[in-house]
Amino acid sequence: METFFTADTHFGDAALVARRRRAFASVEEHDEALIARWNARVQAEDEVWHLGDFAAHASRDHCAAVFARLNGVKRLVRGNHDTNRVLELPWAEPPVESARIGLLDEAGRPWRLFLSHYAHRAWPGLWRETRHLYGHTHACLPDTSRSCDVGADAWDYRPITLAEAVARQDCAVQVPEELSLRGLR
């Protein structure tokens, strides 16, 4: 079993597709491409943390149909577009506003993560090497050495692994202000 992260899939959001995701000719093409990219990476037994904005401006039926087609055990950290049509989907556990989790990487190294839809400049555990994963910004904020956007726009419209997020953070030039002021990375 592997754990994946994503955010800002915005299934059913024709306005977003027309405004920001012009690579797709229609919202239908957008949704089909995101479903295909998700399922190409995620197996049925894998866990996926969706960090908000699963769908926007979509009907309950559309949300349910998309959800049913996506592989994996799905968990939601609520985003600003996640109203009842999304919150009432059969998530593995009730949706949360944020989450603090621990994972082991492929080498057995433990990682602490703070998951939120919104980017934080400081977060619980920052001083104890907790990494921060978020969405909402649609790849508009630079990564830091401890945080990055896991949203669809930042990752070719597919879920990512912990290793991919950590690698991107490790390459980041910016450092969270609290750490930078003390000469830490």
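Predicted model: local features only at pLDDT ≥ 70, side-chain atom pairs only at ≥ 80, totals over all residues.
Tutor: Residues are numbered from 1 along each chain as its sequence is written, and side-chain values use heavy atoms, with hydrogens and water left out.

Student: How many aromatic pairs does the structure hold?

Tutor: Rings of Phe, Tyr and Trp (its six-membered ring) pair if their centres lie within 6.5 Å; planes under 30 degrees apart count as stacked, over 60 as edge-to-face and the rest as tilted. The number of aromatic pairs in the structure is 5.

Student: What kind of aromatic pair do Phe 24 and Tyr 157 form?

Tutor: The centres of Phe 24 and Tyr 157 are 5.2 Å apart, with 75° between the planes. The pair is edge-to-face.

Student: Are Phe 24 and Tyr 157 buried or exposed?

Tutor: Buried means under 20% relative accessible area, exposed over 50%, and partly exposed in between (1.4 Å probe, protein chains only). Both Phe 24 and Tyr 157 are buried.

Student: Why is the pair of Phe 54 and Trp 91 classed as it is?

Tutor: The ring centres of Phe 54 and Trp 91 are 5.6 Å apart. Their planes lie at 85°, so the pair is edge-to-face.

Student: Which residue has its charged end over the ring of Trp 111?

Tutor: A charge sits over a ring if NZ of Lys or CZ of Arg is within 6 Å of the ring centre and within 35 degrees of the ring normal. At 4.1 Å from the centre of the Trp 111 ring sits the charged end of Arg 109.

Student: Which residue lies over the face of Trp 155?

Tutor: The distance from the ring centre is 3.6 Å. The residue is Arg 168.
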